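Please read these points with the structure open beside you.

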Amino acid sequence: MNGTALRCDGCGQPASSEHVARRLQRLEWTTRYRPVHIGTLLLGAVAPQKDSEFIYSLASAWDGEARILLAATGIAPEGKSAETTLAEFQRQGFFLTHVLECTDGRWRT
């Protein structure tokens, strides 16, 4: 299948296989830490481009949006593994999603 025939489910635009693979990777990360009971839905405008800024990645050190989000929810990641930190985020009932999930930069101005 060529890239023009492939459409991304996140943005609806024609997408390369790399674009779709990145979208699926982030979906996998997000659903891995989805809480059973969502108490607070956090909504972002556009998913960050860098994995280290995406809260559900297993980045060794979060920056940008992820760091701000952890601070806002009162979760200190220092001295904890990414999995422990994300499990705490989940136990507290937080769930983050973005209006625009694609991160390839096409929609940024």
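1. A residue is called buried under 20% relative accessible area, exposed over 50%, and partly exposed in between (1.4 Å probe, protein chains only). By that rule Ala59 counts as buried, because its relative accessibility is 16%. Ala59 sits in the loop between β1 and α2. Leaving aside residues up to four places away in sequence, Ala59 touches Asp51, Ser52 and Ala82. Touching here means contact, that is, heavy atoms within 4.5 Å. Ser81 is 22 residues from Ala59 in sequence, and their C-alpha atoms are 9.6 Å apart.

2. The model is predicted: local features need pLDDT of at least 70, side-chain atom pairs count only at pLDDT 80 or more, and totals for chains, interfaces and linings use all residues. Residues are numbered from 1 along each chain as its sequence is written, and side-chain values use heavy atoms, with hydrogens and water left out.

3. How confident is the prediction, as an average pLDDT for the chain? The average is 81, and 84% of the residues score at least 70. pLDDT is the predictor's confidence in each residue, from 0 to 100. In the chain, confidence is highest in helix α2 (residues 64-72), with a mean of 94. Confidence is lowest in helix α1 (residues 17-32), with a mean of 81. Where pLDDT is low, the predicted coordinates should not be read in detail.

4. The chain has three helices and two strands. Their order along the sequence is α-β-α-α-β. Both kinds of element are DSSP runs, numbered from the N terminus: helices are H or I with at least four residues, strands are E with at least two.

5. Of the 109 residues in the chain, 37% are buried. Take the contacts between residues at least 6 apart in sequence: 61% of these join residues at least 24 apart.

6. Which residues of α2 are buried? They are Ala66, Leu69 and Leu70. Seen down the axis, they fall within an arc of 100 degrees, so they line one face of α2. The arc is that of the directions from the helix axis to the C-beta atoms. Ile68, Ala71 and Ala72 are exposed, on the face of α2 turned away from its buried side. The cover over the buried residues of α2 includes β1 (40-46), α3 (82-91) and β2 (94-100). Just after α2, Gly74 has a positive phi of about 80 degrees.

7. In α3 the buried residues are Ala82, Thr85, Leu86, Glu88 and Phe89. They lie on the same side of α3, because they cover an arc of only 155 degrees around the axis. They pack against β1, α2 and β2.

8. The whole structure holds five aromatic pairs. Phe54 and Tyr56 have ring centres 6.0 Å apart and planes at 65 degrees, so they pair edge-to-face. Rings of Phe, Tyr and Trp (its six-membered ring) pair if their centres lie within 6.5 Å; planes under 30 degrees apart count as stacked, over 60 as edge-to-face and the rest as tilted. Phe54 is buried, at 2% relative accessible area, and Tyr56 is buried at 1%.

9. One aromatic cluster is formed by Trp29, Phe54, Tyr56, Phe89, Phe94 and Phe95. Arg26 lies over the face of Phe54, at 4.4 Å from the ring centre. For such a placement, NZ of Lys or CZ of Arg must be within 6 Å of the ring centre and within 35 degrees of the ring normal.
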